[in-house]
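Work through the exercises below with the model open. Each task is followed by a solution in steps.

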Amino acid sequence: MSATEKKDQFRLGFLTAMEVPDQGFVGGLLITNRHGRPLEFQCTAPLKPNRTQEILYGLTLGPYVMGEVIARTLVEKVGVKPHLILTERSEILELRNHVAMPVGCLDADQSEKVASETESGFKIGRQWFRVHSGHTSDRGELETQTTQVPKDADMREPFERVREALLETVKNGK
Amino acid sequence: MSDSSPATQKNLLVGDSTTPSEVIPRPHFDPQQFARQFVNEQLAAEAGTGPRPDPSVIETAPHPATDVSGNGVECVDVDLGFRPQIHIAGFNSALQRGTSNGVQVMTVPLFSKGQPTTKWTPYWGKVPTFGLTFPEGFEFLAPKPEKSAAGSGGGEGNGPSAADLIDLLPPGALQEGQVPAPDPAVPERRTKVKPPKDAVSIEDRLFYLLQPPLETWLKGQELIMPFEPFPYQYEGIAWLFAQQAALLADEMGLGKTMQTITAMRLLLRAGQVNRILLVCPKPLIPNWQREFKAWAEELPIVTIEGDSNHRKLQWTMPGVPILLANYEVLGRDFDMLADDPPKFDLLILDEAQRIKNRGSRTAVTARSIPRKRSWALTGTPIENRPEEMASLYEFMEVIPESTCPDLRQLQKLSKSYVLRRTKDLVMKDLPPRFDRDEILELGPAQKMAYDMAEKDGIVQLNSMGDSISVQHVFELVLRLKQITNYEPVTGESAKLERLEADMEEIAASGGKAILFSQWTKTIGFLEEKLARFNPLVYHGGIPPKKREPILAEFKNANDRPLLMMSYATGAVGLNLQFAGYVFLFDRWWNPAVEDQAINRAHRIGQKTQVIVTKFISKDTIEERIDRVLSEKRKIFAAVLGDGDNTNISLSLNASEIFGLFDLKARHGKGTRSIAPLPPPV
């Protein structure tokens, strides 16, 4: 297998979730090649917690639903398995405790100085990410793998696509 | 079990919260202490030192732990259903056997039955999901590393550079589709593919929504582009990518070819199409080949050519993603392959005005080709009548067969299926084009020959009466037009004199000019007369293999300032941006064709102004034709929308050709005007 073919097999998963008013939580996972070309997309139907769940989970409801219920489901469901998962929501970083692949979260503070000084910060394309505090060893693995991603790639953009697709599916009642 | 105490039931806690954090501790109750307290109170009452309580009621003081104050808990009294009497001696009469004091023993339901203890286990049902897998698509050879300098202007690699391949531009000139390096201060542009209006299924819509922005897809990442397209070109590519039926009608020179090639390239990559047929006029085959090489070098294309057996093999050859054919071959070969015609995912017709006549063989053949997507490319979708659009729509399968949409319906269809941009709209930076009409007096010999020919011609036509046809009138028009070019016996030509004067200046300044004429004979005449300018000639009589070298020589040789072309061969598809002068030696019947000719020079990549000189002989048929055409400048814009003020695509109809002359037939003692016969019903 040539080096190019190996490179082209490298796959990233862009996972995000959102709360849609009156509908509940939805999540989507877009698998792309290293250039951002889509390979597979999975999304959930809106998940609306009941009153008991809202009361008993309290403030932990959103993180639990997005990070464990939705994110786990999507990763299990997807057919084209990614080599790593990237997310833009810190709640989903919790997914790392349930899957065997590295998970990186887009750093809210994109300051290079701050990100590079932390133990968990690393850069993919033009953006800084961080790994789960309990899995800091992921950083080295991610840094190695993501050298295949073009340095000028905008890693925020695929999340926009996922959000747009989620709204489209909700609109269509999927 | 401590809950069995009656007092527990007495002191029910009622709160508004049941969350674990707000549970209030159960109050401790000691019956013995309660009895002692009660007796002491009785004694105090009897001794007159305290209030005498009603022995039938037990009033329980609030327990400190159940105080209502402050924590939202209140005590309520519950009737126990019996009246305990406690004697001073300290025993309870209720415990006595017998009924001597009228007290009945009864069972008191201390608990309400069926009050379950609330238990909740976290459970989330199976989350329904929806998935979409994207097709694999074609994988082509990786682009050469040296081409990764895309967008910087140029192919400086070992292989042929894009600058050598794309077209005939002077060294250092801005190529077609190329823009200067982007300004970092300008926000990043993203052109997203939008789902087409007719995409209904969620799978289709998501497929388009989830595609990356074209800039990401094309700019130096996966698909190398030799030059950065203009924003409007990105929009055109994105639009084409999503369309099943499309008419790309950009004005000439805006890069329809490049947009189409790139859209094809993306569709192949995305696995949306596997087999494409592109049909164009025969003279444009080399142009398409060159553009494919420049914009999508990795795409394998096969040009249908050779003898019939070879062509049959080419039509049916598997694994070829793109076939290139000319209209003539298409007509011939699809008759041959009628039993089992090849099928295509995408059929593209370049210069699609070729199928404007719905009943023509070309149009019928094009419509018969099995295909999934139908695209038409033309800068002049309407050449004569708005109805010509109906033929294009029928090819695109957006109207039923043989239907005739009215103007309103055509406008509506245009919004969905036509993309047209004009230079005025998108190319504000394109150097200006100056048109000047040179109204020239004929020379004496020319004038005499012209007047005589016109007079004789009209007499002859009048004598034919009602048997006269458009063809007869047309022949006279042609004869007169030829005389306005030059007088055949003496060779006198007012236009030639003016042209020579202009060419002196152009050649001296190192400029380049292209000249168009309707007749190869006129071109031959000029070639001889202008020999000192060493002109090049390009028309249908030149073998196709010799045409490309002629264009290359015109581009590169400093001593070849003039290229003379026929409208039929040179007006379409060529990129001659390095020429700053265009001469229309005689006028074509249709301004759209003239515009096509002018736009060989006035197109993307042109760095200087373009001066267009139209020769019109005064007091001749040329002036009359020009007047008629200039009065017909509205229908094009009416169908294709506003902002289209540069293309006037309506040529003369039969009535107008008759109207060029005052033709009269004898009618009794007088005369009457001769008009064209109505078309047969």
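A polar contact is a pair of N or O atoms within 3.5 Å; within protein, one atom must be able to donate a hydrogen and the other to accept it. The model is predicted.

**Exercise 1.** Find how many residue pairs are in polar contact across the interface of chain A and chain B, and how many salt bridges are counted there.

Solution.
- Step 1. With both residues at pLDDT 80 or more, the rule finds nine residue pairs in polar contact between chain A and chain B.
- Step 2. The salt bridge count between the two chains is three.
- Step 3. A:Glu160 and B:Arg190 meet through their side chains in a salt bridge, at 2.9 Å from N to O.

**Exercise 2.** Describe the side of chain A that touches chain B by element and by residue class.

Solution.
- Step 1. Strands E2 (24-33) and E3 (38-44) of chain A each give two or more residues, as do helices H2 (51-57), H3 (61-77) and H6 (157-171).
- Step 2. H6(A) gives the most, with eight residues.
- Step 3. By class, this side holds 19 nonpolar, ten polar and twelve charged residues.

**Exercise 3.** State the extent of the interface between chain A and chain B.

Solution.
- Step 1. In contact are 41 residues of chain A and 31 residues of chain B.
- Step 2. The buried area is about 3300 Å², with 61% from carbon and sulfur atoms.
- Step 3. On the chain A side, A:His35, A:Arg37 and A:Glu168 lose the most area to chain B, together 20% of what that side buries.

**Exercise 4.** Which residues does B:Leu206 contact, leaving aside neighbours within four places in sequence?

Solution.
- Step 1. In chain A, the contacts of B:Leu206 are A:Phe41, A:Ala165, A:Glu168 and A:Thr169.
- Step 2. In chain B, they are B:Phe130 and B:Leu132.

Methods:
Residues numbered from 1 in each chain as written. Chains lettered and ligands numbered in written order. Predicted model: local features only at pLDDT ≥ 70, side-chain atom pairs only at ≥ 80, totals over all residues. Heavy atoms only, no water. Contact = heavy atoms within 4.5 Å. Buried area = accessible area lost by both parts, 1.4 Å probe. Salt bridge = Lys/Arg side-chain N within 4 Å of Asp/Glu carboxyl O. Polar contact = N/O pair within 3.5 Å; in protein donor to acceptor, adjacent residues only side chain to side chain. Helix = DSSP H or I, 4+ residues; strand = E, 2+ residues; numbered from the N terminus. Nonpolar A, V, L, I, M, F, W, Y, C, P; charged D, E, K, R; others polar.
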